[in-house]
Amino acid sequence: MAGVMAGGTALMLTACGSETSGEFTTDDGETAEYSIDKDSGETSMTVKSADGTATLRSGTDVPVDLPDGFSLYPGAKVLTNTVVNQPDGKGTMVMFETGDAADKVIAHFRKQAEQAGFDIQIDANMNGSLMIGGERKRDGSTLSVTANPNEGDATTGQLIIGSKAG
């Protein structure tokens, strides 16, 4: 998944150019196609390899589809949602904003993670920015949540969940 995510990040950085679709070859020699919807700003990519096909979708309007037991923070506004599907699993990265405090955001996702069987291994406060991270040992799924307080009452959050195919 890291290769697709890295390729997807590079793709999103180049999406500011004038091309709205194309093909390229990854560092591993795999063929990839991408498209950018100029109206919505959504970026999509497909990478075909001997292991199967991986897809990436990223944008504000990409539907949020979290694993069982997880929900977006109540009332949060999605800033961008990136979903990666590949033969060995799925990855989701949602960036959002809420008017609630960072500690409430972290408490919401900590409760969901613990109920879903995740062992919280990282619990950090870096100058008011809060982060938790962990793993679910039974299937190797990983989770990372960051909540950053902004000026006023706003908090910007990021939820990343990687699930292995079962």
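Residues are numbered from 1 along each chain as its sequence is written. Because the model is predicted, local features need pLDDT of at least 70 and side-chain atom pairs count only at pLDDT 80 or more, whereas totals for chains, interfaces and linings use all residues, and side-chain values use heavy atoms, with hydrogens and water left out.

Helices (H or I, at least four residues) and strands (E, at least two) are taken as DSSP runs, numbered from the N terminus, and two strands are said to pair if DSSP finds at least two bridges between them. Strand β2 (residues 31–36) pairs with strand β3 (residues 43–49) in the antiparallel sense over 6 bridges, with Glu33 standing opposite Thr46 in β3. The hairpin of β2 and β3 has 6 residues between the strands, and in it Gly41 takes a positive phi near 80 degrees. Strand β3 is also joined by 7 bridges to strand β4 (residues 52–59), again in an antiparallel arrangement; here the hairpin runs through 2 residues, and Ser49 stands opposite Gly52 in β4.

A nonpolar core is a set of buried Ala, Val, Leu, Ile, Met, Phe, Trp, Tyr and Cys residues joined through side-chain atoms within 4.5 Å, where buried means under 20% relative accessible area, exposed over 50% and partly exposed in between (1.4 Å probe, protein chains only). The largest such core has 21 residues, of which Phe70, Phe96, Phe109, Leu143, Val145 and Leu159 touch the most other members. Two or more residues each come from β6 (89–98), α2 (102–115), β8 (129–136), β9 (141–149) and β10 (155–164), and α2 gives the most, with 5 residues. Apart from this core lies another, of 7 residues, among them Ala32, Met45, Val47 and Leu56.

The 14 residues of α2 should span 20 Å at 1.5 Å a residue, and its end C-alpha atoms are 20 Å apart, which agrees; the expected span is 1.5 Å times one less than the number of residues. The buried residues of α2 are Ala102, Val105, Ile106, His108, Phe109, Gln112 and Ala113. Seen down the helix axis, these buried residues fall within an arc of 155 degrees (taken from the directions from the axis to the C-beta atoms), so they line one face of α2. On the other side of α2, Asp103, Lys104, Lys111 and Gln115 are exposed. Just after α2, Gly117 takes a positive phi of about 90 degrees.
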